[in-house]
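Visitor: Hello! Could you walk me through this structure, one question at a time?

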Amino acid sequence: MDKVATSQVTGFTLNNAPVQVAARPGERLSQALRERLGARDVKIGCNAGDCGACTVLVDGAPVCACLMPVQQAAGRRVETLAGLAQGDPDALRLKESFQHHQAAQCGICTPGMMVSAVALLRAEPQPDVAQVQDALGGVLCRCTGYRKIIDAVVGAHAADTLQEAAQELGAPARRFDGKAKVEGRDLFGDDVAPEGALVARVIRSPYPHARFSFGDLSAFAARAGVEAVLTAADVKGLNAYGVIPGFIDQPVFAVDTVLFRGEAVACVVGDAETMLALDPADFPVSWEPLDALMTVPQALAEGAPLLHSDRPGNIMCGGFVACGDAEAALAAADVVVDGFYETSFVEHAYIEPEAGWAEVVEGRVVVQACTQATGMDRETLAQVLGIDRADIRILPTAVGGGFGSKIDVSVQPFLALAALRTGRAVRMCYTRVESMQSTTKRHPARIDIRVGAKADGTLAGLSFHGDFNTGSYASWGPTVANRVPVHASGPYFIRDYRAQSRAVHTHCPPSGAFRGFGVPQSAIAQETAFDVLADRLGMDPLEFRLKNALRDGQPTVCGQVFEQGVGIHACLEALKPAYQAAKRACAVFNAENDGVRRGVGVAGGWYGCGNTSLPNPSTFKAGLRPDGTLVLHQGAMDIGQGSNTVIVQIFARAFGVPVADVTVLGADTDITPDAGKTSASRQTFVSGNAARLTGEALRAHVLQLANASDGAEIILNDGHLHVRDADRVQHVDLSRLEADPEGYALKAVKTYDPPVAPMDGNGQGVPYAQFGYAAHLCVAEIDLKLGQVTPVSFTAAHDVGRAINPLLVEGQVQGGIAQGLGMALMEEFIPGRTENLHDYLIPTIGDVPPIETLILEIEDAHGPYGAKGLGEHVLIPTAPAIFNAVYNATGVRLMHAPATPARVRAALKEAGYA
Ligand code: FES
Ligand code: FES
């Protein structure tokens with residue numbers, strides 16, 4: 001807790017207990033609650049009144065605690081989730097209902113949501129959907145798509161009657177980590193630092209391109225309350241990090257020149273109060289702004305200066321896939337459609353900003369932060385610090401949303417360097433603005449596409465060229481460049497195909513991983529071009545897709561043949577009833593209304609799970625202790641998607657016991673093997689397989705000890721291990737076995753690495769062991785005067801191979817659709833202009849319409865129990881389905897995402913609408 005130089009003592013009740021707090025005049029209530037009173041269940045997402053994560057009740061009314069001076073709470077009653085969850089009857093019902101409906105994914109928004117819902121239920125015990133949307137409208141969620149939250153609040157009055165579903169594989173089980181989330185006990189990146197930790201703040205460039213020089217750093221470092229100033233000179237190892245070998249290019253601290261607005265040049269470490277008061281403008285650095293290349297055309301222009309001298313033309317890398325002869329096929333096609341599409345930077349906008357803390361323990365650096373990739377964090381820090389990775393421990397916190405950006409490091413190098421320099425615990429939490437300025441984005445794309453068909457509707461040639469604005473440094477740009485040409489065909493059979501991509505450097509923030517790795521952008525071009533093509537052919541768009549949908553045994557554009565498990569046809573078929581009903585309903589609506597029109601759009605999508613043609617292993621460990629405890633070392637990061645639950649369900653099935661018998665040790669580089677990063681829809685597939693193999697291996701040990709057959713039943717009962725084989729029940733006395741150094745009488749460690757193979761110069765090969773498939777249907781309403789597009793409903797068909805947990809599948813689908821909706825209609829990150837959650841809009845609870853999820857299970861040969869990955873697939877068809885609904889309603893083809901009202905209105909006017 002920081003020292004208060006000038007303070008006022010304020011008294012109020014906090015969760016029914018009287019408290020007194022000495023705080024600075026005007027100090028935020030959120031700050032006082034978290035830092036002076038330990039109420040870490042009050043979350044901070046923006047500190048600006050935009051996200052609602054900090055919502056508490058003051059005299060029963062929901063209030064953004066970040067907007068209220070603590071002194072205004074004097075004499076009043078303040079309630080937070082942690083207190084409410086102890087005994088408030090509405091909160092108790094909400095706890096049950098939120099878990100039952102899977103209304104909390106990452107859980108960072110959950111305190112704000114539940115506190116707001118308590119206020120609503122006190123006034124209206126059985127609210128309807130509109131009342132819930134109204135009451136929770138100020139709280140943002142980036143994971144769930146809100147519909148499960150609405151269901152949970154509407155259904156809270158019936159919580160006493162809710163039955164817990166079975167927990168086994170295939171059951172719609174509640175999250176195993178859900179209780180902590182709904183009780184405000186889950187601890188995120190900024191919730192875990194010890195009292196008295198120093199605070200680090202980064203000094204960043206206000207310019208997208210500039211030279212800089214430091215003034216008297218020693219004098220600054222000597223200021224009262226400042227413990228250290230760190231610059232590139234303090235990096236003992238490599239002053240660079242990145243995620244792909246050969247592309248390690250982003251400095252921890254820039255040297256002489258910055259390449260994007262928000263780039264770090266220095267870090268100041270000091271006591272909490274001094275750092276809170278620090279004005280970065282006081283830091284001794286002078287800037288010489290330089291011309292900046294902010295767009296791909298500027299960066300590709302003849303003679304444009306290079307961002308990196310070894311990357312000619314500002315082209316970082318490219319990707320290429322070709323089969324057959326696309327040009328010849330297009331020349332021979334009966335109908336050809338072409339078009340140029342543009343998409344924008346999209347911000348991940350997780351509600352939890354990057355945060356964590358670090359310390360040095362017995363010579364080892366321990367970093368506890370929010371992350372999607374513990375193993376990669378450790379590798380990066382070893383390089384940056386110049387120490388052995390065995391001397392680094394990464395201990396992740398709960399992660400309040402990641403969606404790809406938290407695969408890259410953010411706070412970690414600064415924290416580790418600061419802890420090593422000062423020898424003390426150091427914490428930091430990015431402000432919302434620096435989070436948005438400095439972390440990775442979805443690549444803006446500029447796509448030219450030509451696609452042809454024969455008169456009977458058979459696809460005949462597709463040519464694709466996409467330039468992706470990869471920003472100033474590499475991050476995951478090479479992955480995007482490689483993945484897009486593999487996917488730009490969509491899940492269709494195309495004999496003649498040519499797709500090329502380029503990742504182009506600009507003076508923008510680095511573009512990186514964001515749910516889909518470029519595929520959502522290419523799907524907008526391909527899937528909307530398909531609708532125009534179908535229109536010109538006089539074919540129904542859904543029938544056109546069904547006719548061309550990839551089938552078992554047909555080669556992909558990479559020449560890869562799946563003999564089974566190709567699920568796109570089934571997804572499209574599943575949409576048919578909703579599609580026919582929607583078409584009829586739209587026709588009726590349009591006949592009865594002027595000025596607004598409704599249309600129905602469909603789009604398909606696919607996504608290869610895991611790394612593209614590269615090794616992608618995951619390792620798991622499990623053991624039986626002499627006392628019969630079954631332990632799973634679960635290193636797959638759960639960022640809200642549910643691996644803490646799904647992986648345990650898979651392991652328990654493989655070992656052959658109920659889930660409740662498994663003790664889970666969560667991710668920690670000291671105790672869990674490297675399960676790889678949480679990205680590319682790989683955890684259920686790859687780590688699920690590793691967990692399955694581990695469970696099977698451990699089971700085999702037990703059966704061997706018991707001399708039992710493969711089909712025998714393993715029974716763990718109060719520490720006793722029994723094996724029932726036919727009529728024989730045998731007790732296995734684990735205490736008679738010598739325990740290994742980890743304390744296990746029996747142990748298994750297994751690795752799974754998907755069977756892929758390199759692609760040749762034409763992109764022919766085996767890029768992925770499995771694809772997942774999806775098709776979305778959207779009904780949208782278009783205000784012809786305002787250009788406003790309002791999705792009315794979605795139907796989402798997803799082939800997940802095997803639904804390990806259908807409740808989590810639905811959660812992923814709904815959350816993905818909300819992100820796809822945002823990308824389609826409102827989200828546009830502009831460096832220097834939309835760097836907060838006030839100017840950068842993400843969907844709110846009022847923006848996401850009802851979503852029907854259709855789960856299809858076309859088993860995959862490589863998936864654990866047939867399961868396929870899902871995390872990325874869920875938003876790939878969303879934006880094109882919305883755009884196709886607009887096309888269906890108006891005949892206007894949208895070719896720029898986001899389709900803001902101004903852009904839609906301009907397109908309507910150009911098409912002749914008054
Ligand atoms: S933290 Fe208070 S509204 Fe975002
Ligand atoms: S569950 Fe709402 S932000 Fe993650």
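Guide: Gladly, and a definition comes first: helices (H or I, at least four residues) and strands (E, at least two) are DSSP runs, numbered from the N terminus. This is a predicted model, in which local features need pLDDT of at least 70 and side-chain atom pairs count only at pLDDT 80 or more, while totals for chains, interfaces and linings use all residues. Residues are numbered from 1 along each chain as its sequence is written, chains are lettered from A and ligands numbered from 1 in the order in which they are written, and side-chain values use heavy atoms, with hydrogens and water left out.

Visitor: In which helix is the place of Gln526?

Guide: Gln526 has contacts (heavy atoms within 4.5 Å) beyond its neighbours within four places in sequence, among them Ile449, Leu462 and Tyr492. The helix that holds Gln526 is α16.

Visitor: Does Gln526 count as buried or exposed?

Guide: Buried means under 20% relative accessible area, exposed over 50%, and partly exposed in between (1.4 Å probe, protein chains only). Gln526 has a relative accessibility of 2%, so this residue counts as buried.

Visitor: Which residue's side chain is joined to that of Gln526 by a polar contact?

Guide: A polar contact is a pair of N or O atoms within 3.5 Å; within protein, one must be able to donate a hydrogen and the other to accept it, and residues adjacent in sequence count only if both atoms are side-chain atoms. For Gln526 the contact spans 2.8 Å, and the partner is Glu527.

Visitor: How many residues does the largest nonpolar core have?

Guide: A nonpolar core is a set of buried Ala, Val, Leu, Ile, Met, Phe, Trp, Tyr and Cys residues joined through side-chain atoms within 4.5 Å. Those with the most contacts inside the largest one include Leu94, Tyr497 and Ile882, and its residues number 164. Helix α16 (residues 519-537) gives the largest share of this core, 10 residues. A second, separate core, which includes Ala675 and Leu746, has 38 residues, whereas the largest has 164.

Visitor: Which backbone oxygen does the side chain of Thr422 reach?

Guide: Thr422 is in helix α13 (residues 412-422) and is buried, at 19% relative accessible area. A polar atom of its side chain lies 3.2 Å from the backbone nitrogen of Arg424. At 2.8 Å, the Thr422 side chain reaches the backbone oxygen of Ala418.
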